[in-house]
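Visitor: I've got a model here and I'd like to walk through it with you. Could you show it to me and then take my questions one at a time?

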Amino acid sequence: MARLGYALAALVGLAATALGVAGMLGRAGTLAVPWLVPLGGLELTLDPLGGFFLALVGFVAVPASVYAIGYAAGSTRGVLAYLVFIVSMCAVPLAANVMTFAIAWELMSLASYFLVLQERERREAVDAAWVYAVMTHAGLACLLAGMLLLAAWTGSVRFADWRAAAPALSAGARDLAFLLLAVGFAGKAGVIPLHVWLPLAHPAAPSHVSALMSGVMIKLGVYGLVRAGTDWLGGGPAWWGTAVLLAGVVSAVVGVLYALVEHDLKRLLAFHSIENVGIILIGVGAGMLYRHAGLGELALLGLAAGLYHTVNHAAFKGLLFLGAGAVVHATGTRDMERLGGLVKRMPWTAACFLVGAAAIAALPPLNGFVSEWLTFVALLQNTRVAAPALNLVFALGIAGLALTSGLAMACFVKAYGITFLALPRSEAAGRAREAGAAMRAGMLLLVAACVALGLGPTVVLPRLAAVAAPLAGPGAPARPGLGDWLTVQVPGDFASLSTLAIAAALALGLAAPLVALRLAGASRRRRLYETWGCGRMLQTARMAYTATAFANPFKRVFDFFYRPVKRLDIEFHPASRLFVERIEYANPTRSIFEDWLYRPVLDALHAAARHARAIQSGSANLYLAYILVALLVLLVLA
Amino acid sequence: MTGTVAIGLLQILVVALGAPLLVGVLRTLEARLVGRRGPTPWQPYADLRKLLGKDAVVSETASWVFRATPYVLAASMLVTALVVPVLVTRPPLGFAGNIVLLMYLFMLGTFFLALAGLDTGSAFGGMGSSREVAVAALAEPTVILAVFALALRAGTINLGGVVERVEREPWLAANPAHLLAFAAFFIVMLAEAGRLPVDNPATHLELTMIHEAMVLEYSGRYLALVEWASAMKLFVFLTLLANLFFPWGVTSLADPVPVALGLLALAGKLAVLTALLALVETSVAKLRLFRVPELLSGSFALALLSVLAVFLLR
């Protein structure tokens, strides 16, 4: 029964991909059912940008559902919510009026809320779902406020009418609408400091759902930002792009810094989702700034880089979550300090995870490298913007992106090296068994996607440029020349890229030493022996480096950010202090966002609630009096 | 086409065969500077030959990642030899991705080497890996910003384009922004290639070593490949410093005579830079590990100043 449900989800995913690709290639269509719901009725429209995100939903839904057939077939719990989740995510990028959008958006949030709650026996999942529900509805409130304001000002609830009416609005009105929409969408995208729900909710859900939440759902926040900033409101002042770019830099750097000191495998991946949304927003923000400066072809490049990273992140983060799910399935733990040695017990999963790790670390010639390269190239051309303040913003983006990519590489050395290499650090890890065929098939599909997106930018990029072209403002070429089948050529001999050539050269480079060593008459014998260890008697897993130790240099270098606290708890023997019975050392990091932003707000809220409690006496007569007073006040005001 | 292939092969040969000599010369010079006689400059070749003849001893704990890493490392360095303008301004793979590609190729090698360090389950390997990736990550922003400062002037980030631009307008080389970027890049080279004061390639002291700790478990042909790749990394970094900042001699023609002159010019520039490196290495002490970030943020500040100088002086 559950199998059937997941197979159906895979079919929905296939259909979504097909329809979305058709939309990207220029097919348009509208489906309107005016009588179904009030306020404009149900209306769906397919356009290139919507088609791209629709295809993205299908692109991850197919492998995730195939994987789920093997991963979650034992129980029917959550199958319905999973189907609703996928269908509602398909509807979000197609929604053409406020009512349709609100319904799809809320269904998506509710379905994912129930999926986060799927393992509701665990206290942690319940807490995560609660934080998620609060944050997502605060975001929805911002979105609805922005949309209703726009509807009131333009006199229409249809998005198509906003496009026509937005340029006539006053600057202040446009700024306010953008701010409200941007905050709402940024909350969904997990942009710092609205990210607190993400590292709680994503790991709590089952892994195929985590893949969809990280791979697709948060991207719908990016969709909203792009849609609102460049389409509905038709571009804006420089501060819009600056804000998006800087939010991207902060999210990227802070996200990866948190990931470095996180030793729960799925939470680590969730923090990397924050980082990658940041990288996407750096590209999008650059595109918006170039659009403001009237540089159409550069705006196109920035937006296309953002979209490319969007699909790339969906591919490798989906893959990594599925791989992490296989590890959890086999060992029952997400704690990296209790894993290790899995490369020998789960060779398929280990190989797939390695591809995902290399892709997210942006190593050539895989897909993460392509989109980070494009983002760099888009940023580096800012000399054509003649405004020193903006040049500085771009320079900050360049440095931030470089730091992020270096730290992400470090973090995935940790994630892969501690989880899969060396000796098993617990009995469960030592007994791990390889994942089943369906789970492997799901992972291999995404491995193929990572490789294909890495080797094929010459095919993919022109399609993405066609999607971005209407959003890049006046001056953007409708069909930009981006090189030939082998090379991506950025306009004006500024830079070019050919991952095919790199891959061929790397393959030759791998073969060359093999041949050269043979010709040089090198010894070909290999002797197995134990690891050298300064004369110790035997090697155990406790001698291997731990994730905590690995992350320690970063903790020391960035201690102004982590603000770690040291806790040392020693229990002595009652007879003598010379004998220690138990010793406990903890060195946790703190979150400056929780300490400085959320804690004060929550405290204020609690204080206000305590005062409000005074008027709630429990007496029905008093409540009737309140109703009467409220009615009278309303009548007087009206 | 045949010209391109010939140039490509020649660049690979220069980097692959020149790298051990560069390391040998550096060691000899450093020995002389501190008053020792030192080995001959040809010693690294003899070391490599000796290592190739020996059996490889591999840890029982290690997986295929450990055995594949030396090859990945060597491959990534060989590809850099096709991307960097060693002898000609437009190397065969110059079109494939410029300086950003180059940085990520170095990262590819670091990534796998750090994994191999963790693979044997030894505390030394993990310690080395952790430190190596920390230094590499912190060096990254400086590299990109220093290159950005150059690209700002040249109007391109294709390495060949930068070289041609400075060749056409030699006074650019004396520009403050150019010199600041050079200083920043030099410090980053010390960090990336594992030289003093960031890492001491001559020591095997547990508490201080970075690169050597990571490759501690390698032996035989694997160690030979790793050592050779490290030498190539140093060679490529010094070539970048030489040809990006002082590009005279790098030719845009693929004819034998200018290429031969280019080779001579490269040898001369590398000799000067090697002497400079030897002077630095013999006159500074190794920094404590947690002082290294300060050095790297210093180099980052230099690179940022260099970018600002371009904007302010234009």
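Guide: Let's begin with a crossing: H16(A) and H4(B) cross in the right-handed sense (right-handed if the near helix is turned clockwise from the far one by less than a right angle, left-handed if anticlockwise). Helices here are DSSP runs of H or I with at least four residues, strands are runs of E with at least two, and both are numbered from the N terminus. This is a predicted model, where local features need pLDDT of at least 70, side-chain atom pairs count only at pLDDT 80 or more, and totals for chains, interfaces and linings use all residues. Residues are numbered from 1 along each chain as its sequence is written, while chains are lettered from A and ligands numbered from 1 in the order in which they are written.

Visitor: Are H16(A) and H4(B) roughly parallel or antiparallel to each other?
Guide: Take the axes, which are lines fitted to C-alpha atoms, for helices over the stretch in contact, with angles from 0 to 180 degrees between N-to-C directions. Those of H16(A) and H4(B), residues 98-119 of chain B, come within 9 Å and cross at roughly 30°. Angles under 35 degrees count as roughly parallel, over 145 as roughly antiparallel, 65 to 115 as roughly perpendicular and the rest as oblique. So the two helices are roughly parallel.

Visitor: How many nonpolar residues are in the contact of H16(A) with H4(B)?
Guide: From H16(A) come residues including Met409(A), Val413(A) and Tyr416(A), and they meet a set in H4(B) that includes Met107(B) and Phe111(B). Contact means that C-beta atoms, placed from the backbone, lie within 7 Å. For classes, Ala, Val, Leu, Ile, Met, Phe, Trp, Tyr, Cys and Pro are nonpolar, Asp, Glu, Lys and Arg are charged, and the others, Gly among them, are polar. There are no charged residues and one polar, and the nonpolar count is nine.

Visitor: Which element gives the largest share of the side of chain A that touches chain B?
Guide: The contact as a whole takes 70 residues from chain A and 68 residues from chain B. On the chain A side, 50 are nonpolar, 13 polar and seven charged. The largest share is 16 residues, and it comes from H16(A).

Visitor: Which residue is the bridge partner of Tyr529(A) in E1(B)?
Guide: E5(A) and E1(B), residues 56-59, pair in the parallel sense over four bridges; strands pair if DSSP finds at least two bridges between them. In E1(B), Tyr529(A) is bridged to Ser59(B).

Visitor: Are H2(A) and H18(A) roughly parallel or antiparallel to each other?
Guide: The axes of H2(A), residues 48-71, and H18(A), residues 437-455, come within 6 Å and cross at roughly 165°. Their crossing is left-handed. With that angle, the pair is therefore roughly antiparallel.

Visitor: Where is Ala362(A) found?
Guide: Most residues other than glycine have a negative phi, and most peptide bonds are trans. Ala362(A) is not a glycine, yet has a positive phi of about 65°. A cis peptide bond joins Pro364(A) and Pro365(A), with omega about 0°, and Pro365(A) is in the loop between H14 and H15 of chain A. Ala362(A) is found in the loop between H14 and H15 of chain A.

Visitor: Which element of chain A has the highest mean pLDDT?
Guide: pLDDT is the predictor's confidence in each residue, from 0 to 100. Chain A averages 90, and 99% of the residues score at least 70. Among its elements, E3(A) has the lowest mean at 81, and the highest, 95, belongs to H14(A).

Terms used
Contact = placed C-beta atoms within 7 Å.
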